Amino acid sequence: MSRKFPAGVATGSLVSEIFAHAKENNYALPAVNVVGSSNINATMETAVKLNAPVIIQFSNGGAAFNAGKSLSSENQKSAILGGIAGARHIHTLAEAYGATVILHTDHCAKKLLPWIDGLLDASEEHFKAYGKSLFSSHMLDLSEEPIEENLDISTKYFERMAKMGMTLEIELGVTGGEEDGVVGMGECADPKECKMVADLGIDFLAAGIGNIHGKYPANWKGLSFETLDAIQQLTGDMPLVLHGGTGIPADMIKKAIDLGVSKINVNTECQLS
């Protein structure tokens with residue numbers, strides 16, 4: 001089997017290389033939400049069968065579920081420990097499976113920031129011991145906050161993470177539906193604000209374009225490709241992220257990739273199965 005990228009958890013510049021390869025070859029990386037060892041292993045097994053890199057990510061709820069219901073959730077303890085345990089599981093097995101994995105976290109709203117703080121503490125310890133971070137990247141979703149606060153908080157985390165070569169995804173506009181108790185109305189992002197994110201050097205942008213978490217309703221109007229095109233024009237080669245991938249028709253997925261989407265999240269489909 002030919003291999004473009006080495007097996008194991010990708011960190012540092014390798015993450016950017018993988019996304020650059022996706023952009024150059026017009027494909028998007030699936031970002032699969034997991035809640036435990038069974039679907040972690042299934043995701044790695046599938047990636048190997050397809051000879052393709054994959055993103056494995058934990059939501060706050062998924063990380064807490066991985067830790068077990070009996071642990072305290074005070075100060076995000078269970079989500080922190082569940083995320084750390086899941087990350088170590090993947091570090092231990094990814095190379096043995098032969099899978100190239102970008103290890104990521106999903107939406108982190110402002111109220112959940114202590115969760116990311118705890119995971120970053122663990123990554124800093126891992127970096128000191130092994131020269132690489134525990135997680136490859138994180139996502140901050142401060143899309144419901146004023147743009148100035150969103151960018152101010154995101155920049156502080158970006159600077160902390162950059163010291164370990166980690167990458168950061170943030171969101172503008174609001175993905176519709178509900179995830180981890182955060183309900184969005186599906187607002188499209190402002191392309192000019194997206195350019196502000198690109199100018200800061202932040203790595204990936206999840207821009208709302210009418211996409212929805214969970215099942216899409218029968219009266220869904222579809223993705224706003226006009227918005228996506230305007231965002232790509234202003235952000236250049238910055239990889240864009242499409243949340244709510246379950247239920248989007250294949251032709252829309254392909255068009256979104258043509259317009260700069262390099263990461264597509266898959267959560268609902270996994271929960272249904």
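The axes of H7 and helix H8 (residues 225-235) come within 9 Å and cross at roughly 35°. This is a predicted model, so treat each value below as computed from that prediction. Seen as a crossing, H7 passes H8 in the right-handed sense. On the H7 side, the residues that meet H8 are Pro191, Lys192, Cys194, Lys195 and Ala198. Their partners in H8 are Thr227, Ala230, Ile231, Leu234 and Thr235. Sorted by class, this contact of H7 with H8 has six nonpolar, two polar and two charged residues.

The axes of H6 (residues 147-162) and H7 (residues 191-200) come within 11 Å, crossing at roughly 20°. Because of that angle, H6 is roughly parallel to H7. The crossing of H6 past H7 is right-handed. Ile147, Leu151, Thr155 and Phe158 are the H6 residues in this contact, and they meet Glu193, Met196, Val197 and Leu200 of H7. By class, the contact of H6 with H7 has six nonpolar residues, one polar and one charged.

Now turn to helix H2 (residues 37-50) and helix H4 (residues 77-97), whose axes come within 11 Å and cross at roughly 30°. That angle makes H2 roughly parallel to H4. Here, too, the crossing is right-handed. From H2, the contact uses Ser37, Ile40, Asn41, Met44, Glu45 and Val48. From H4, it uses Gly86, His89, Ile90, Leu93, Ala94 and Tyr97. The classes in the contact of H2 with H4 are seven nonpolar, four polar and one charged.

| Helix pair | Axes come within | Crossing angle |
|---|---|---|
| H7 and H8 | 9 Å | roughly 35° |
| H6 and H7 | 11 Å | roughly 20° |
| H2 and H4 | 11 Å | roughly 30° |

### The nonpolar cores

In soluble globular proteins, nonpolar side chains tend to be buried together. Which residues touch the most other members of the largest nonpolar core? Of its 67 residues, they are Ile90, Leu205 and Leu242. One of these, Ile90, also belongs to the H4 side of the contact with H2.

Setting aside residues up to four places away in sequence, Leu242 touches Ile209, Asn211, Leu223, Ile248, Ile253, Ala256, Val261, Lys263, Ile264 and Asn265. There is also a second, separate core of 14 residues, and Phe5, Leu14, Ile55 and Phe204 are among them.

Is Ala94 buried or exposed? Ala94 is buried, because its relative accessible area is 0%. You can find Ala94 in helix H4. Beyond its neighbours within four places in sequence, Ala94 is in contact with Ala7, Gly8, Val9, Met44, Ala99 and Val101. Met44 is a residue of H2 that takes part in the contact with H4. From C-alpha to C-alpha, Ala94 and Leu242 are 25 Å apart in space, and they are 148 residues apart in sequence.

Ser154 sits in helix H6. With a relative accessible area of 0%, Ser154 is buried. Apart from neighbours within four places in sequence, Ser154 is in contact with Leu140, Leu142, Leu168, Ile170 and Ile202.

His138 belongs to strand E5 (residues 137-140). His138 counts as buried, because its relative accessibility is 0%. Its contacts, leaving aside neighbours within four places in sequence, are His104, Thr105, Ile116, Leu119, Leu120, Met161, Met166, Thr167, Leu168 and Glu169.

### Two residues with positive phi

Most residues other than glycine have a negative phi. With that in mind, look at the loop between helix H3 (60-67) and H4, where Asn75 is placed. Asn75 is not a glycine, yet its phi is positive, at about 55°. Gln76 lies in the loop between H3 and H4 as well. The phi of Gln76 is near 65°, again a positive value in a residue other than glycine.

Gln76 has a relative accessible area of 15%, so it is buried, the cut-off being under 20%.

Key
Residues are numbered from 1 along each chain as its sequence is written. This is a predicted model: local features need pLDDT of at least 70, side-chain atom pairs count only at pLDDT 80 or more; totals for chains, interfaces and linings use all residues. Side-chain values use heavy atoms; hydrogens and water are left out. Axes are lines fitted to C-alpha atoms, for helices over the stretch in contact, and angles run from 0 to 180 degrees between N-to-C directions. Helices (H or I, at least four residues) and strands (E, at least two) are DSSP runs, numbered from the N terminus. Angles under 35 degrees count as roughly parallel, over 145 as roughly antiparallel, 65 to 115 as roughly perpendicular and the rest as oblique. A crossing is left-handed if the near helix is turned anticlockwise from the far one by less than a right angle, and right-handed if clockwise. Contact means heavy atoms within 4.5 Å. Ala, Val, Leu, Ile, Met, Phe, Trp, Tyr, Cys and Pro count as nonpolar, Asp, Glu, Lys and Arg as charged, and the others, Gly among them, as polar. A nonpolar core is a set of buried Ala, Val, Leu, Ile, Met, Phe, Trp, Tyr and Cys residues joined through side-chain atoms within 4.5 Å. Buried means under 20% relative accessible area, exposed over 50%, partly exposed in between (1.4 Å probe, protein chains only).
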